[in-house]
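I opened the notebook on this chain to look up its charged pairs and one of its strands. The entries follow in the order I worked.

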Amino acid sequence: MSIFRTIAMFLYLFGYMIVHYNILRRGERALAAGDMDTVEQIVNKHIPHWSRQILHITGVQLLVEGLDNIPKDTACVFVGNHRSYYDIPLLLAGLDRPHGILAKEELGKIPLLNRWMKLLGCVFVQRDDVRASVRALNDATAIVESGKSFVIFPEGTRYKGEEGGAGEFKQGAFRIAVKTGAPVVPVAITGARALFENNGNLCHPGTVRIKVLPPIQTAGMSRAEQKQLPDAVRQTILAEL
């Protein structure tokens, strides 16, 4: 059954993008023309729907708590633990609206998907190139400065240890929040790895919980507090896993 779910997921993933290619092109034209209202309308309608259907097709039940913790009047930086490829569609479906994501460069090479991600406002990062990583962080900072929230997985890669753990949260990701004064909103994701990676990279039904935790204000932080921020956020998330 898992193999059939996996095939169905990939057929839907790319089939949706092919069927809605004209909408993608309309969004790209609007982006080039600076018509951000049209871009936002397309993104907010299609990306959550696409993400929720992926979860539905693969038998995933998503439980979301704490949406009222998301700031209503300011951009924020969502910081989540990273266990699975599913984390991206989970957050696109589960948060208040779809937000740009700091994603690895490999995703930027997948046809059609990369174009939808650019429309969303994602930034692709080369983890083994320091200069390119700095440019990516600067691009993400500019997005937050423009008033848009952003999603970061500060571990930099998927954590492959036991459920309930997380890798080191790297300092660089938090510079976006500190530089812009945007609040950091921790997001704890539980159960995602069992949907795919723990099942031999085949889609498996299951339940995932996303818990949005209270924001941490970064404006006015001392240097000592800034230095402690990554581990403080990590410990906050670990307490919920």
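Entry 1: Is E163 buried, partly exposed or exposed? I looked it up in the model, which is a predicted one. E163 has a relative accessible area of 40%, so I logged it as partly exposed.

**Entry 2: its partner.** I searched for a salt bridge here and found R83 paired with E163. The closest N and O atoms are 3.3 Å apart. R83 sits in the loop between β2 (77-80) and α4 (87-94). E163 sits in the loop between β5 (150-152) and α7 (171-180). The pair therefore ties together parts that are 80 residues apart in sequence. I then checked the accessibility of R83. At 4% relative accessibility, R83 falls under the 20% cut-off, so I noted R83 as buried.

Entry 3: Which side chain meets E65 in a salt bridge? I found R209, at 3.6 Å from N to O. E65 belongs to strand β1 (residues 60-65) and R209 to strand β7 (residues 206-212). These two residues are 144 residues apart, and the pair links distant parts of the chain. I logged E65 as partly exposed, at 33% relative accessibility. R209 is also partly exposed, with 23% relative accessible area.

**Entry 4: sequence neighbours.** I checked D96 and R97 next. Their side chains form a salt bridge, 3.4 Å from N to O. D96 is partly exposed at 38%, and R97 is partly exposed at 42%. I also noted a network: R25, E28 and R115 are joined by salt bridges that share partners.

**Entry 5: the tally.** How many salt bridges does the count come to? I recorded seven.

**Entry 6: strand β6.** I turned to residues 184-190, which make up β6. Seven of its seven residues are buried, and I wrote the strand down as mostly covered. Which way do the residues point? V184, P186, A188 and T190 point one way from β6, while V185, V187 and I189 point the other way. Both sets are buried. In a regular strand, side chains alternate between the two faces of the sheet.

**Entry 7: neighbours of β6.** β2 and β6 run parallel and are joined by four bridges. Within that pairing, V79 has P186 of β6 as its bridge partner. β6 and β7 run antiparallel, again with four bridges. There, the bridge partner of A188 is K211 in β7.

How values were computed:
Residues are numbered from 1 along each chain as its sequence is written. This is a predicted model: local features need pLDDT of at least 70, side-chain atom pairs count only at pLDDT 80 or more; totals for chains, interfaces and linings use all residues. Side-chain values use heavy atoms; hydrogens and water are left out. A salt bridge is a side-chain nitrogen of Lys or Arg within 4 Å of a carboxyl oxygen of Asp or Glu. Buried means under 20% relative accessible area, exposed over 50%, partly exposed in between (1.4 Å probe, protein chains only). Two strands pair if DSSP finds at least two bridges between them.
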